[in-house]
Amino acid sequence: MELLTQWRDRILPTIDIIKRTAGTTEDEFLQIGARLQEFYAKSQESSRLAHRLVDLVSDDDYHALVAGLRRMTDEMAEYLEASRLQNRESCDSLEQVLELLETVSQPLAAFKKMDKTLRMLGISTKIESARLGEAGNGFMSLAVDVGKLSCLVREKTDSIRIQRELLGSVLAKHLQVGKASKLLQTKEACSMLNAATISFDELADLNARCSSCGELAGQVSGEVSSSISEVVSSLQIHDMMRQQMEHVSEALERLACEVDTTLAIECDDERLAAAVGQVGDVCELQVAQVQNATNELHEAVVSAIDNLHDIGERQSLLSCEIMNATGSNGASENSFFTDLRNVFSDLGAVLRKCAETDRLFFATLGKVAETISEISGFVSSIEEVSTEINLIALNAQIRAAHTGQDGVALGVLAEGINSLSKVAAPQANELLRTLSSISVLTDTLVSKAECELAVLGERLTGMEEKSDKTVSSLEQMNEKISRLLVDLVGSVGELNEDIRQLTSGITVHYSVAELTRSVACELNEVVSQARERVPATNEFHENLRHMASRYTMQSERRIHEAIARRHSGAAEDSVVNSMEYADSGGDSEFGDNVDLF
Amino acid sequence: MAKLIMTADDSASVRQMVAFTLKQNGYDVIEAVDGKDALTKLGSQKVDMLLTDLNMPNLDGIGLIKAVRGGTLNRMIPIVMLTTESQDSRKSEGKTAGATGWIVKPFKPEQLIAVVKKVLG
């Protein structure tokens, strides 16, 4: 009797603990449930951003952009080839001009010789005139005229020589620099075009990768829904745990009342043994129910936490995959599109440099024509000198004849002057022919270059406009991608942080385990003491039949059944912790736990 | 316009999960904490469907079904029991009272939505 009193006193506090466990633990579940809506919304937002990102590099605008880039690259390559050919032709022509300028040396040497002869004749005429005294007065002015002509020839010859050397030097330098810069520009542009072509392959890869990301986004979306579904299922466990605990507390309260009744009356040994046996049976069963409820709750909470983490992790995985697929190295910049944009921007700059080189070539040709015209002016002056020499020679011959025998020497000098005039004219003509050839060459080249430069200029302007548009489209796409990536990474990060904060604060499964451990400990002690005095019998099932009828859940019935079998010697069900949805088959269309009438 | 569904359950966490699932799928939800609360609200509010627990204080699920079927405003609506109870005898009791269907907890959201869609046509 004393033991029964002790057991009742041990049982009563456990009832309070069990009631407290069932009644005070729902808040944490409600907190998780309240945040679930938010997590779902954030997860949906992340999925929407992921889909938008994937769509961005898979839609028509993207394909149009890629096709535009290909066309632009082809046009740039054609432009480059045309510019290269035009430059080569210009260089060839300038080299010809240089060769022609070399041939100018011969007439210049003749002019130099003419100048020397004229000077010599002038001096000789002066000497002879002085020797003749009064009779040679007229020859003195003749000598002065010859001297002036000599100066004029020398002056013009020097000017031609200087202009020729200057032009030759400018042309040689321009050829050297022009060829080198054109070569460099062509090489640079070719390398960039190759880079652009490689980029197209990357664009194709990007499209393929993003398509697979689209599939992944769909998969992740499905997995997140599945995880949410699991959390919803898990969070219903509190209701089941509460009901199971209520049944346990009811059973223990009833046991305590029955013990009180037994204590209140005079009992024989048989009645006492029955009471002890009942305490053992009831407590053993309630320990199993409490442990089952605790385990189910623990598993459900752990499952909810795992599934919540899965939601965040799956979105993080998707976010990483998309970042890799789009070639982004961070949330704020998309390196692939930036590289591509830079390639086209640089290409545009190189082509503009090419055009500038072509323009400088054209300007040089203009300069050649100008210089040649100037040289021609000098040559014409020399040609006029030839006529004047002729007149002076004629005048000298007449004066020599008037002077008679004393003027014989002067007549010889006049003859010399006359023969000079015959030398000067052909040399001047030869020089003018050469200059004319150069003029024809440069005029043709200028006219052709003018036309080609206009065409190339128009093409370049067209390409620049297209390039601007394409680069602008690339920038817009890059901005959109970067913005979406920032939003996606931010959204996923926020979701993960929220989930981490919430799950790190979930302790309900530990607190319930802690409370029920003390209950189980107390009840097990009572069971142990009761069984020492009255061992369990195969009457267990029959003794507790009234209790079985109060169960509402299949899991409770299975635990009851398992313990009854153990005591009757039958094989115990190995699994008593698993949750069963129903004890009768439901409508297969909706699942085993559903019946539609 | 979204269909209005009432969930009657003495467990706040179950009501929360039912409401979450239904709202996610575009339904409007009204909650009742027990049979009596549900009956009061159903007296003045026309709903398209009732999801009710079986064991509730004040008025249980079977009593609620009988009262709704005997009333006027919502007497023809589909009523689905959502309970931990799985015994056939209890299901028969529910069917006799006028339940349209029976779902044993815990439910999966997709199951609940499939049943709702089915009974709402």
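**A walk through two chains**

Reply: Happy to! Leaving aside neighbours within four places in sequence, A:Gln278 is in contact with A:Leu255 and A:Glu258. Keep in mind that this is a predicted model.

Me: Which helix holds A:Gln278, and is A:Gln278 buried, partly exposed or exposed?

Reply: A:Gln278 is found in helix H7 of chain A, residues 269–325. Its relative accessible area is 24%.

Me: How far apart in space are A:Gln278 and A:Ser212?

Reply: In sequence, 66 residues separate A:Gln278 and A:Ser212. In space, going from C-alpha to C-alpha, the distance is 65 Å.

Me: Now the interface. How much area do chain A and chain B bury between them?

Reply: The size of an interface is often given as the accessible area lost when the parts come together. Here the contact takes 38 residues from chain A and 36 residues from chain B. Carbon and sulfur atoms account for 53% of the buried area, and the total is about 3300 Å².

Me: What is the count of salt bridges between chain A and chain B?

Reply: Take B:Lys105 and A:Asp239, whose side chains meet in a salt bridge at 2.6 Å, N to O. The cut-off for such a pair is 4 Å, so 2.6 Å qualifies. Between chain A and chain B, the count of salt bridges is six.

Me: Which element gives the largest share of the side of chain A that touches chain B?

Reply: Several elements of chain A each supply at least two residues to that side, including helix H5 (137–235), helix H6 (237–264) and helix H2 (26–56). The largest share is eight residues, and it comes from H2(A).

Me: Which residue is the bridge partner of A:Leu596 in S5(B)?

Reply: S1(A) and strand S5 of chain B, residues 101–104, run antiparallel and are joined by three bridges. In S5(B), the partner of A:Leu596 is B:Gly101.

Me: Is A:Gln236 buried or exposed, and which residues of chain B is it in contact with?

Reply: A:Gln236 sits in the loop between H5 and H6 of chain A. Its relative accessibility is 0%, so A:Gln236 counts as buried. Leaving aside neighbours within four places in sequence, A:Gln236 is in contact with B:Met17, B:Lys105, B:Pro106 and B:Phe107.

Me: What kind of peptide bond joins B:Lys105 and B:Pro106?

Reply: Most residues other than glycine have a negative phi, and most peptide bonds are trans. B:Pro106 lies in the loop between S5 and helix H5 of chain B. Omega between B:Lys105 and B:Pro106 is about 0°, and the bond is cis.

Me: What is the phi of B:Asn58, and is B:Asn58 buried or exposed?

Reply: B:Asn58 is in the loop between strand S3 (49–52) and helix H3 (61–70) of chain B. With a relative accessible area of 65%, B:Asn58 is exposed. Although B:Asn58 is not a glycine, its phi is positive, about 70°.

Me: Why is S1(B) largely enclosed by the rest of the structure, and which residue of S2(B) stands opposite B:Met6?

Reply: Five of the five residues of S1(B) are buried, so this strand is largely enclosed. B:Leu4, B:Met6 and B:Ala8 point one way, while B:Ile5 and B:Thr7 point the other. S1(B) pairs in the parallel sense with strand S2 of chain B over five bridges, and opposite B:Met6 stands B:Ile30.

Methods
Residues numbered from 1 in each chain as written. Chains lettered and ligands numbered in written order. Predicted model: local features only at pLDDT ≥ 70, side-chain atom pairs only at ≥ 80, totals over all residues. Heavy atoms only, no water. Contact = heavy atoms within 4.5 Å. Buried area = accessible area lost by both parts, 1.4 Å probe. Helix = DSSP H or I, 4+ residues; strand = E, 2+ residues; numbered from the N terminus. Pairing = 2+ DSSP bridges. Buried < 20%, exposed > 50% of the residue type's maximum accessible area, 1.4 Å probe, protein only.
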